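Student: I've got a model open and I'd like to learn how to read it feature by feature. Can we walk through it together?

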Amino acid sequence: MTSLTFDRITKKFGDATIIDELSAEVDDGEFLVLLGPSGCGKSTLLRLIAGLTDVSDGRLLLGDELANDWGVHRRGVAFVFQTYALYPHMRVSENISFPLVMERFKPWHHIPIVNFFARRAISRKPEVTKRTEEIASQLGLTDLMSRRPASLSGGQRQRVALARALVRDPSLYLLDEPLSNLDAKLRTQMRSEITELHKKVQKTFVYVTHDQVEAMTMATKIIILDKGEVQQIGSPDDIYARPANTFVARFVGSPPINLLPVIASKQQLSSARQIWTHPGPVPTAESLLLGIRPEKLRLSASSQCKLSARVEIVERLGAETLLGCSLEQTEAPADSVISDDRQNRIFVRIPDNPKLQVGDTCYIDYSPDDVTWFDGARGNRIDDASRPI
Ligand SMILES: Nc1ncnc2c1ncn2[C@@H]1O[C@H](COP(=O)(O)OP(=O)(O)OP(=O)(O)O)[C@@H](O)[C@H]1O
Ligand SMILES: [Mg+2]
């Protein structure tokens, strides 16, 4: 098993800083997910760990050892690329055993006429067949061993690519968006298969994705990146319940968190469209965003409660209903609250099937305990609502 330490890791391409002083610790056996939008530096960080590209500044430790200058082989990593390019002319068994065969290759085995026989001889060695069969069975490929990639489904090919990377028993598994070209059903299936595999092998995994569902369901630890900078490091629960800033809050959760610009005067909150009493502590920041997740909002029959809104979207999803509402203009607008239409749109997620239609007015209630406050100007979370900042 291998722990990882990023100590102020910086990566530059020319003048462009792609990763900026990233520091993080990853324990032995952890499932780390690197999550962030396209271009934020996820693959670059993975390639730095693998040794496929150099660190510009800072220290990368594998275990207790400084690994900045280690070659790819010394790092003992298995890398699963997004494009899993299998060898089309080889059977599944040959694709899987390929890394084991290459490990045992002698220089003269590369001579074309010798090559075929050398590969065949090595792939029949008992230790190679045993390991190949072992990993194939772990990934449910035993019945497909004599097929060629062209006759496999997308999910089966993905599993062969995983098996090929995992067959060498590496100390560190690096996976770069390995499920991105699978359909929704296969993704769900493969997600749990990879999680199972992690439990079984108990090695350190670093998994890149921009899919927050993958991150939330698979990770033991998530690093959220934006433009090469760490936004937050934490467990999935931590990141969901206590997002460090509005970027993280919006990135994780679907539909995204509601962020309503308000100003506070004691317990009174004013948005650009409404004034209401907030039954809990309010921070004394100049500019505030009231953050609340769609599933924490409730519909209320009374017009006496918090917010009134016009229903604009009704999505009945069977087990739950998603409402997209727009806050109604009920009070003289507070001029000092700047918001756009998007910020007056509120998503509500409810576990039943309300008799609401587009165009109806609904009343929305919340508990102050479910509110996360953000500084409207800087975007960071405000922890202590009763404490002035
Ligand atoms: N070899 C390179 N030379 C110059 N710039 C590069 C190089 N490799 C990557 N970049 C740039 O670094 C930034 C981060 O790229 P990277 O591939 O790490 O993003 P990513 O987070 O993996 O994105 P995606 O989700 O789209 O795969 C991008 O702006 C990219 O253009
Ligand atoms: Mg990438």
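Tutor: Let's go through the domains, the ligand site and then some backbone geometry. Keep in mind that this is a predicted model.

Student: Okay, domains to begin with. Which residue ranges does the domain assignment give for the protein chain?

Tutor: Domain 1 covers 4–246 and domain 2 covers 256–382. Taken over C-alpha atoms, their centres sit 42 Å apart. Eight residues from domain 1 and nine residues from domain 2 make up the contact.

Student: And how do I put a number on that interface? What is the area buried between domain 1 and domain 2?

Tutor: The general idea is that interface size is often given as the accessible area lost when the parts come together. Here that comes to about 670 Å², with carbon and sulfur atoms giving 52% of it. On the domain 1 side, Tyr240, Pro243 and Thr246 lose the most area to domain 2, and together they account for 69% of what that side buries.

Student: What about polar interactions? How many salt bridges and polar contacts link domain 1 and domain 2?

Tutor: The salt bridge count between the two domains is zero. For polar contacts, the rule finds six residue pairs across the interface, both partners being at pLDDT 80 or more. As for where domain 1 touches domain 2, helix 9 (residues 236–241) supplies the largest share of that side, three residues. Sorted by class, the domain 1 side has five nonpolar, two polar and one charged residues.

Student: Now the ligand. Which residues surround ligand 1?

Tutor: Among them are Phe13, Ile18 and Pro37, the run Ser38, Gly39, Cys40, Gly41, Lys42, Ser43 and Thr44, and also Glu177 and His210. For individual atom pairs, look at the oxygen atoms of ligand 1. One is 2.5 Å from a side-chain N or O atom of threonine 44. A backbone N or O atom of cysteine 40 lies 3.2 Å from a ligand oxygen, and for the side chain of glutamate 177 the distance is 3.4 Å.

Note on methods:
Residues are numbered from 1 along each chain as its sequence is written. Chains are lettered from A and ligands numbered from 1 in the order in which they are written. This is a predicted model: local features need pLDDT of at least 70, side-chain atom pairs count only at pLDDT 80 or more; totals for chains, interfaces and linings use all residues. Side-chain values use heavy atoms; hydrogens and water are left out. Domain bounds come from an automatic or database domain assignment. Contact means heavy atoms within 4.5 Å. Buried area is the accessible area (1.4 Å probe) that two parts lose on being put together, summed over both. A salt bridge is a side-chain nitrogen of Lys or Arg within 4 Å of a carboxyl oxygen of Asp or Glu. A polar contact is a pair of N or O atoms within 3.5 Å; within protein, one must be able to donate a hydrogen and the other to accept it, and residues adjacent in sequence count only if both atoms are side-chain atoms. Helices (H or I, at least four residues) and strands (E, at least two) are DSSP runs, numbered from the N terminus. Ala, Val, Leu, Ile, Met, Phe, Trp, Tyr, Cys and Pro count as nonpolar, Asp, Glu, Lys and Arg as charged, and the others, Gly among them, as polar. A residue is near a molecule or strand if one of its heavy atoms lies within 4 Å of it.
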